[in-house]
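Okay, thanks for making time, everyone. Let me put the sequence and the structure up, and then I'll walk you through them.

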Amino acid sequence: METIADPLDCKARVLKFIEETRVVSESELQINNITPYHVTKSYREQIIKSGYYDQLKYIVEPSVEEFESPGTLDTSGEHDNTVVPGLQHKYAQTGLLLVTERCGSYCRYCFRKRIVGKVSDEITPDFGQAAQYIARHPEMTNVLLSGGDPFVLSTAKLNKIVDHLLPINHLNSIRFGTKMLAYEPRRFADSALPALFQRIHKAGKTPIIVTHFDHVGEISCDAEHKVRALRAQGVQLLNQSVLLAKVNDDPEILAATFAKCHEIGVRPYYLFQARPVKGASHFQVAFRRGLEIVRGINQRLSGIEKTFKYIMSHYTGKIEILDLGQDGRVYMRYHQNKVPEKIGKIFSRPHLATACWFDDLPGE
């Protein structure tokens with residue numbers, strides 16, 4: 001029987017990884033969910049001059065570990081919580097809009113590898129349709145624009161998206177999730193941005209930017225200046241970080257990161273447990289080590305600086321990881337859950353030394 005060759009196997013490329021240069025086929029890249037290499041010039045220059053290049057290179061440079069990194073592509077059940085194309089409604093008060101599949105640079109640990117850098121039908125095709133759903137759900141008090149990164153879009157495009165949200169009276173805030181303050185802070189020099197935030201204010205809503213600084217070495221002088229300018233424009237800023245093996249799994253580094261965020265007016269918000277994403281699960285840190293790091297962070301910060309929660313964004317909800325007890329159990333509570341009655345209740349599971357995710361822990 002004649003075998004028909006896959007044309008993708010014929011397209012071999014020489015790619016540079018952190019550990020070595022390797023010849024790989026297109027099909028090999030696709031099967032292993034290897035995201036293309038893409039980084040801004042400003043970010044590359046920043047991480048080199050920061051003095052932390054040996055750690056920060058893992059955020060954007062491909063590693064051969066990605067080929068042997070098991071997992072799934074939708075660790076938080078985003079498909080199951082999509083209510084209209086591009087709009088997720090997992091928690092009662094929050095809507096999540098996927099507005100683009102592009103980012104300023106491509107994080108190697110991205111939990112949306114299934115979308116980013118590809119053409120995806122998960123991106124919102126009709127913001128009017130999404131707004132109609134939001135308008136019918138008065139329990140939804142805030143909307144998060146995510147992707148991808150909303151700030152790779154033009155300010156004119158962001159205004160058009162916001163046009164659909166401003167008339168909805170029960171929305172009290174509009175959030176923008178972005179890593180562009182690390183990747184391309186010059187984006188925030190756009191003279192049209194203050195008017196966008198002012199429009200949100202005039203509609204009686206709060207503009208919030210959720211920054212994504214994973215490491216103090218990412219916070220450039222330019223980023224600091226742009227953050228201070230955004231604060232002067234009435235924008236609230238929160239920061240989320242991901243706990244990443246080889247990058248920031250060090251209490252001194254994360255304490256310095258959160259202290260710097262606090263200093264410039266960005267409130268530390270979440271420290272996320274890295275997710276078991278196919279092609280990215282090698283970034284995961286075991287619970288025991290994660291809790292040791294969190295204790296070390298808190299020992300180094302003042303009370304007003306340690307405002308973050310150590311969170312696992314699981315399929316069932318946002319789980320705050322609290323402690324490893326002397327009884328050999330991991331103690332947790334739901335910070336958010338689709339079932340309101342579960343929020344805030346402490347529960348536990350038997351600990352395993354290798355466990356990095358809720359599903360790794362034995363059931364009762």
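**Spaces, sheet and helices**

Let's start inside: sorted by class, the lining of the largest cavity has three charged, two polar and two nonpolar residues. For the classes, Ala, Val, Leu, Ile, Met, Phe, Trp, Tyr, Cys and Pro count as nonpolar, Asp, Glu, Lys and Arg as charged, and everything else, Gly included, as polar.

Before I go on: this is a predicted model, where local features need pLDDT of at least 70 and side-chain atom pairs count only at pLDDT 80 or more, while totals for chains, interfaces and linings use all residues. Residues are numbered from 1 along each chain as its sequence is written, and side-chain values use heavy atoms, with hydrogens and water left out.

Back to that cavity. Rolling a probe the size of a water molecule over the atoms shows where empty space is left. Here that's done on a 1 Å grid over the protein atoms alone: a cavity is a set of points where a 1.4 Å probe fits but cannot get out, a pocket is an open set with protein on both sides within 12 Å along at least five of seven lines, and lining residues have an atom within 4 Å of a point. Grid points are joined across faces, edges and corners, and the volume is the space filled by probe spheres set on them.

How many cavities of 30 Å³ or more does the structure hold? One, and its volume is about 30 Å³. Around it you'll find Tyr58, Glu61, Ser63, Glu66, Arg108, His282 and Phe283.

By the way, strands (E, at least two residues) and helices (H or I, at least four) are DSSP runs numbered from the N terminus.

The second largest pocket holds about 500 Å³. Of its 21 lining residues, Leu15, Thr35, Pro36, Tyr37 and Pro62 sit closest to the centre, and β1, α1 and α3 each give two or more.

On to the sheet. Twelve strands form an open sheet with mixed pairing, running in order from β3 through to β14; two strands pair if DSSP finds at least two bridges between them. What happens at the edges? β3 (82-84) and β14 (346-350) each have a single partner strand there, so one side of each is left without a neighbour in the sheet. β14 is antiparallel to β13 (329-337), and five bridges join them; Tyr331, for one, has Ser348 of β14 as its bridge partner.

Leu324 touches Arg288, Leu291, Arg329, Val330 and His351, leaving out residues up to four places away in sequence; contact means heavy atoms within 4.5 Å.

Helices next. α4 lies across β3, β4, β5 and β6, at about 105° to β3. α4 (127-135) and α5 (155-165) have axes that come within 8 Å and cross at roughly 30°. Axes are lines fitted to C-alpha atoms, for helices over the stretch in contact, with angles from 0 to 180 degrees between N-to-C directions. Phe127, Gly128, Ala131 and Ile134 of α4 meet Lys157, Ile161, His164 and Leu165 of α5: five nonpolar, two polar and one charged residues.

Most residues other than glycine have a negative phi, and most peptide bonds are trans. Gly147 and Gly148, though, are joined by a cis peptide bond with omega about 20°, and Gly148 is in the loop between β6 and α5. Asn33, a non-glycine residue, has a positive phi near 60°, and its place is the loop between α1 and α2.
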